[in-house]
Amino acid sequence: MATFPNIKPIYGEQITVNQDAITVKLGDGYEQRFIEGLPANKRLLTIQAKFEISQTDANTINTFLDARFDAGMEAFDYTPSNRSSIKVKCVRRSESIPYKNRVSLNLTFEQVAEP
């Protein structure tokens, strides 16, 4: 499995835990809650990372992500700040060029439950 290039985002990744559950309101304040999906899918992360990098590093990341997309949204290993490596896919990316040879790259990763 491919590993995300060794280029670190600026400090402050935003990590969201998605906990899918179905809630049925029964009346009088009672409700029934059901966990949706397989146990491995109960708590998947969404990570928003921002990179302030050189044009060369941006090209490296874009080439890597293009190759994963062309392979059918292939998952890859990514290590968020203060966590161990997880398998993710990149679902959104945007970039801006604030000045010559510098790129501001915003990436959104979603964790996938794959072996």
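The chain exposes about 7,700 Å², and carbon and sulfur atoms supply 48% of that area. Accessible areas here come from the Shrake-Rupley method with a 1.4 Å probe; for residues, only the protein chains shown count as cover. This is a predicted model: local features need pLDDT of at least 70, side-chain atom pairs count only at pLDDT 80 or more, and totals for chains, interfaces and linings use all residues. Residues are numbered from 1 along each chain as its sequence is written, and side-chain values use heavy atoms, with hydrogens and water left out.

**Overall form**

- Of the 115 residues of the chain, 30% count as buried. Buried means under 20% relative accessible area, exposed means over 50%, and partly exposed lies in between (1.4 Å probe, protein chains only).
- The chain has a radius of gyration of 18 Å, whereas a compact globule of 115 residues would have one near 13 Å. This radius is taken over C-alpha atoms, and the globule rule is 2.2 Å times the number of residues to the power 0.38.
- Along its principal axes, the C-alpha trace spans about 60 × 30 × 25 Å.
- Among contacts in the chain with a separation of 6 or more, 64% come from residues 24 or more positions apart. Contact means heavy atoms within 4.5 Å.

**Helix and strands**

- The chain holds 1 helix and 7 strands. Both are DSSP runs, numbered from the N terminus: helices are H or I with at least four residues, strands are E with at least two.
- Along the sequence, the pattern reads β-β-β-β-α-β-β-β.

**The sheet**

- An open sheet is formed by 5 strands in the order β1-β4-β7-β6-β5, with antiparallel pairing. Two strands pair if DSSP finds at least two bridges between them.
- β1 and β5 (76-78) stand at the edges with a single partner strand each, so one side of each has no neighbour in the sheet.
- On average, neighbouring strands of this sheet are turned by 30° against each other, direction ignored.
- Strand β1 (residues 14-19) runs antiparallel to strand β4 (residues 43-54), and 6 bridges join them. Here Gln-14 stands opposite Gln-48 in β4.
- β4 also pairs with strand β7 (residues 102-111), in the antiparallel sense, over 9 bridges. The bridge partner of Lys-50 in β7 is Asn-106.
- Thr-108 lies in strand β7. Thr-108 is buried, because its relative accessible area is 9%.
- Leaving out residues up to four places away in sequence, Thr-108 touches Thr-46, Ile-47, Gln-48, Lys-89, Cys-90, Val-91 and Arg-92.

**The helix**

- α1 lies across β4, β5, β6 (86-99) and β7, and runs at about 145° to β4. Axes are lines fitted to C-alpha atoms, for helices over the stretch in contact, and angles run from 0 to 180 degrees between N-to-C directions.
- Asp-57 lies in helix α1 (residues 55-70). With a relative accessible area of 28%, Asp-57 is partly exposed.
- Asp-57 and Asn-6 are 51 residues apart in sequence and 9.7 Å apart in space, C-alpha to C-alpha.

**Loops with positive phi**

- Most residues other than glycine have a negative phi.
- Asp-28 has a positive phi, near 55°. Asp-28 sits in the loop between β2 (21-27) and β3 (30-35). Asp-28 is exposed, because its relative accessible area is 78%.
- Asn-101 also has a positive phi, near 65°. Asn-101 lies in the loop between β6 and β7. Asn-101 is partly exposed, with a relative accessible area of 49%.
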